[in-house]
Structure formats: C-alpha cells, structure tokens
Amino acid sequence: MPFDLVVFNKQVSTTITELVDQEVNKFNEASGGVLVLASGANKGDFSIESMFKQIGGLVRRRDAYGSGTVPPKRLEQLANTAVKVAAGTPPIEFEPQQYLWIQENPTLAALKIGEQLAKAKLQDMLNAVIRTLVAALKGNPAIVHDGTDAGPNWRVLNQGAGKFGDRSGALAAWVLHSTVLTNLYDNALSNAERLFTFGTVNVMRDPFGRIFVVTDADPLINPAAGEDEITYNTLGLVPGAGLVQDNGDFNAVMVDQVGNENISRIYQAEWTYNVGLAGYSWDQANGGKSPNDTALGTSANWDKTASSNKDTAGVLVVTK
C-alpha cells in the first residue's frame, strides 16, 4: 500500500481549505459581520488603507450681511495599517506502520490532521483579532466602561453601549466569555436563538437584538492573583470592527524520520494572515514586524486614527 507524500499534503491542504471556507462564510453571516474573516494576498509586513479624516465643524453659521474672511478647513488623509501575523504548526509526527498494520492507507492521517488544523487555524485567527481589539480599545479610555463593581447584567452592557452616545445602535454584537454569558443568564437574560457553532466558538442572539459571539478566548480574561478577583472583557462591536485576511500562502512539508525503532514521518505547516481594525492603525515603529501575541495585545501598538470615537470599532465593558 504505497504512501504518496504529494497526495498526503494535497489531502491535508484540501481538507483545511474546504472546512475553513465553509465555516468562515457561516461565521461572517451569523456574527453580523463584526469580525470579518476574508481572503487576501497582502505583500510585505503591513497592508495600508488610505481614508479621509472626518472634517470637524464642516457646517458653520454665516453672516448673510458680513464680509469677513473664514479660516479654511483641510481635507486630510489617514492611513490605517494592518499587520501581517505569521503562524504555523509544530512538527506533527506519526508512524505509517500503525496504519499498514491494520491494512489501512496512511494517507487517512491527512484527513484527521486537516480537520483539526482547520479548527485550530480558524480559532487562532479569531483569537488574534479579539486580542488586538481588546488592546486597541483599552488604549482608548473614553470607550471603556468599568462594570467591575457588580456582576454582568443588561444594565452594565447598556451603560457600555452608551459610550457610543447616539451611535450606540451601530453596535451589532457583543463578543464575550462564556462565564459572562452564564452570569447574564443568572440575571434573567434568556437566549432565544443559536446561530453558529464551530469548535469552541458559539454565536447566539439575545432578546434585545444584539448578537452574542461567545468564545473563551484568553484576551477576554484579565488574570488576577485570586479567582474572585478575575475580571472579563466584553467587546461591543460595529460591523467590520475587525478584519482578518488569510493571505493564501499555506505551505507544508512532509519528511521521513529514520534511526528509531520504527520509521516515522513528520508534517509541518506555516502560513500568514493580516489583522486590521476599524478606526485604529498598527504602529509600525512601536509594534514592529511579525508580531507575537504579546505585541498584538499591547495597547501602545494600536493608534486611534478616527477623529470620533463613534467611528471606531466599538466599546469595551469590563465586568466580574
């Protein structure tokens, strides 16, 4: 029963691509598009999108009988920078003889690797964009609501949404930890609809219309010395708040490993994706290139570019 390395790699890649594409489309639709997973082909370490800065005081009162001069307003461009994140697998080792022993084709391992890697890849991209959103929003105190004096309830979330003032209706979804959702249930907030489930990510809707994207991503937890002191970050986001673009550069190799009792084969893969946020730009000088999770989660590495907070990604609510 021959073992074809080319076929193995192709099966892994095809399985990952098909699963990720299917689930990405479902997730984008179910989550109201607040976190957008998309395809891209970004060159270099950063991708830069130009936008025009909102002009303050664009409408003025004029004196119909006056003759004085009026100081001009400038039309200025801003540059929002997304950063490229490098990801990959550790070496994955298995022995083909384990399959041959039971008269199975070792390429079946490709399906299992592909299925698990598809889930892990999607989860990693979501964790990365959540990490950057928490960091960027924490760096903008004007849109952060401290609700740590009480457990999470609808009043606390509503106060957080109020940070957007008359644009609070633009917040389409909450991204929150399962512990926060459980405590909301305890405060008589009933869940009416389950929209999407994939791996450890669940998307639901509350009776008030905003969607709940529930995931136990590490960035949603603020660690503390004691368990009773742990607090949680809940993101209230507008559509398009965070964008993750897979660059389509997935690369994998398979090599033979000899010299041990049994012949083994080692599989390893790598790829990149870009992360960008609405109203915030990656600080190239502070954050640098090819950032790790610590850099992505550092507030100083994300600069607010939007003139108004109401034109940024959303709000942050911190609760017990």
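This briefing walks through some features of the structure shown above. The model is predicted, and the mean pLDDT of the protein is 85, with 87% of its residues at 70 or more. Its largest nonpolar core has 77 residues.

**Confidence**

- Strand S2 (residues 46–52) has the lowest confidence in the protein, at a mean of 63.
- Where pLDDT is low, the predicted coordinates should not be read in detail.
- Helix H7 sits at the other end of the scale, with the highest confidence, at 98.

- Strand S12 covers residues 242–246, and its side chains alternate between two faces.
- Gly 242, Val 244 and Asp 246 point to one face and are buried.
- Strand S1 (residues 35–39) runs parallel to S12, joined to it by 5 bridges; here Ala 38 has Gln 245 as its bridge partner.
- Strand S14 (residues 264–277) pairs with S12 in the antiparallel sense, also over 5 bridges; Asp 246 has Tyr 273 of S14 as its bridge partner.

**The largest nonpolar core**

- Within this core, the residues with the most contacts are Leu 35, Ile 130, Leu 133, Leu 137, Leu 235 and Tyr 273.
- Helix H3 (residues 108–138) gives the most to the core, contributing 16 residues.

**Helix H5 and its cover**

- Helix H5 spans residues 178–186, and its buried residues are Val 180, Leu 181 and Leu 184.
- These residues lie on the same side of H5 because they cover an arc of only 100° around the axis.
- Among the elements that cover the buried residues of H5 are helix H4 (154–161), strand S6 (173–176) and strand S8 (201–205).
- The cover also includes strand S9 (211–215), strand S11 (231–237) and strand S17 (314–319).

**A backbone detail at Ser 290**

- Ser 290 is not a glycine, yet it has a positive phi of about 45°.
- You will find Ser 290 in the loop between helix H6 (284–287) and helix H7 (293–296).
- Ser 290 is partly exposed, and its relative accessible area is 48%.

How values were computed. Residues are numbered from 1 along each chain as its sequence is written. This is a predicted model: local features need pLDDT of at least 70, side-chain atom pairs count only at pLDDT 80 or more; totals for chains, interfaces and linings use all residues. Side-chain values use heavy atoms; hydrogens and water are left out. Buried means under 20% relative accessible area, exposed over 50%, partly exposed in between (1.4 Å probe, protein chains only). Helices (H or I, at least four residues) and strands (E, at least two) are DSSP runs, numbered from the N terminus. Two strands pair if DSSP finds at least two bridges between them. A nonpolar core is a set of buried Ala, Val, Leu, Ile, Met, Phe, Trp, Tyr and Cys residues joined through side-chain atoms within 4.5 Å. pLDDT is the predictor's confidence in each residue, from 0 to 100. The arc is that of the directions from the helix axis to the C-beta atoms. Contact means heavy atoms within 4.5 Å.
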